[in-house]
Amino acid sequence: MTEYVHVSPDDRAEPRSHVIKLHGPEAFAGMRKAGQFAASILDALVPHIVPGITTGEIDDFVHRTILDGGGVPATLGYRGYTKSCCTSINHVVCHGIPGDKALKDGDIVNIDVTPILDGWHGDTSRMYLVGDVSIKARKLVDVTYECLMLGLEQARPGNRMGDISHAIQAHAEKHRYGIVRDFCGHGLGRLFHDTPEVVHAGRPGTGPELRPGMFFTVEPMINIGRADVKLLDDGWTAVTRDRSLSAQFEHSIGISEDGHEVFTKSPAGFDKPPY
């Protein structure tokens, strides 16, 4: 049985199994600020995501921007990860490690950032189209964004987590796409990863009840081909087993009294490409 606990804004307790934290107005303010900071970093990247830029240069930009804004990159040093963002190109599902690889014309890339600002985590990712991208790839990106937004439509008090999951799954499968099940969204706040898990395929009316004060991410990973993924030898990079294209969008949200608040909405209106 799922348990819920009301927490104070300065509660930094470790996650407890099956216990979901419920936050108050001060925490919403902190998450709103961190989320907008994260989204502004992705906005600032838009003119830089062009053929020829390396993923390492993207990471350098993210690192500088986070520090200049008074934040700390949550991923840097997290479980041994050595970069300030994730860059996942084409058939990379998630957790692509920035390095020497240059983006080329026709690529699609997901960039995932999580700055910590005043102790709160702003976690978001967005797809970018590099140069002249194929219609097939553009459709995948569009449908993945639609999956996210349809899932968020179900994020309101009284609904269940499975309502979010089912909305995402139904839309993806309508287009005969695969929904990655190996990775999921998660609770967050003072902690980078917390209860609950947010899976992106499931049955309506199942899972934890959504209650005001819950914070979590919704971040569907959708493949043109099969849902199966494999982890590369670096221990981080997940790719599609059939090497089909994959796309992802991620928002951090809080359940409010009458719906939800998206903390990571783009200040510049760059929520989905083309930007």
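**Close-up views of a predicted model**

**View 1. Cysteine 85 counts as buried, because its relative accessibility is 0%, under the 20% limit.** What you're looking at here, and in the other views, is a predicted model. How many disulfides does the structure hold? The count is 0. Cysteine 85 is in none, and its nearest cysteine sulfur belongs to cysteine 86, 6.7 Å away. Cysteine 94 is in no disulfide either; the nearest cysteine sulfur is again that of cysteine 86, this time at 7.8 Å. With a relative accessible area of 3%, cysteine 94 is buried too.

**View 2. Strand β4, residues 86-89, is covered on both faces.** For a partner, β4 has strand β6 (residues 108-113), with 4 bridges in the antiparallel sense. Look across from cysteine 86 and you'll find aspartate 112 of β6.

**View 3. The largest nonpolar core has 34 residues.** Ile108, Ile164, Met214, Phe216, Val218 and Ile222 are the ones that touch the most other members. Two or more residues each come from β2 (19-22), β9 (124-129), α3 (135-153), α4 (161-174), β13 (215-218) and β18 (251-255). The biggest giver is α3, with 8 residues. Another core, of 29 residues, lies apart from this one; Ala27, Ala34, Val62 and Phe263 are among its members.

**View 4. Phenylalanine 216 and what it touches.** Leaving aside residues up to four places away in sequence, its contacts include Met161, Ile164, His186, Gly187 and Leu188. Val198, Leu210, His251, Ser252, Ile253 and Ile255 are also touched by phenylalanine 216.

View 5. Most peptide bonds are trans, and most residues other than glycine have a negative phi.

**View 6. Asparagine 90 and aspartate 118 have a positive phi.** Where is asparagine 90? Check the loop between β4 and β5 (92-94). Aspartate 118 has a phi near 55° and turns up in the loop between β7 (115-117) and β8 (120-121).

Technical notes
Residues numbered from 1 in each chain as written. Predicted model: local features only at pLDDT ≥ 70, side-chain atom pairs only at ≥ 80, totals over all residues. Heavy atoms only, no water. Buried < 20%, exposed > 50% of the residue type's maximum accessible area, 1.4 Å probe, protein only. Pairing = 2+ DSSP bridges. Core = buried A, V, L, I, M, F, W, Y, C linked by side-chain atoms within 4.5 Å. Contact = heavy atoms within 4.5 Å. Disulfide = S-S within 2.5 Å.
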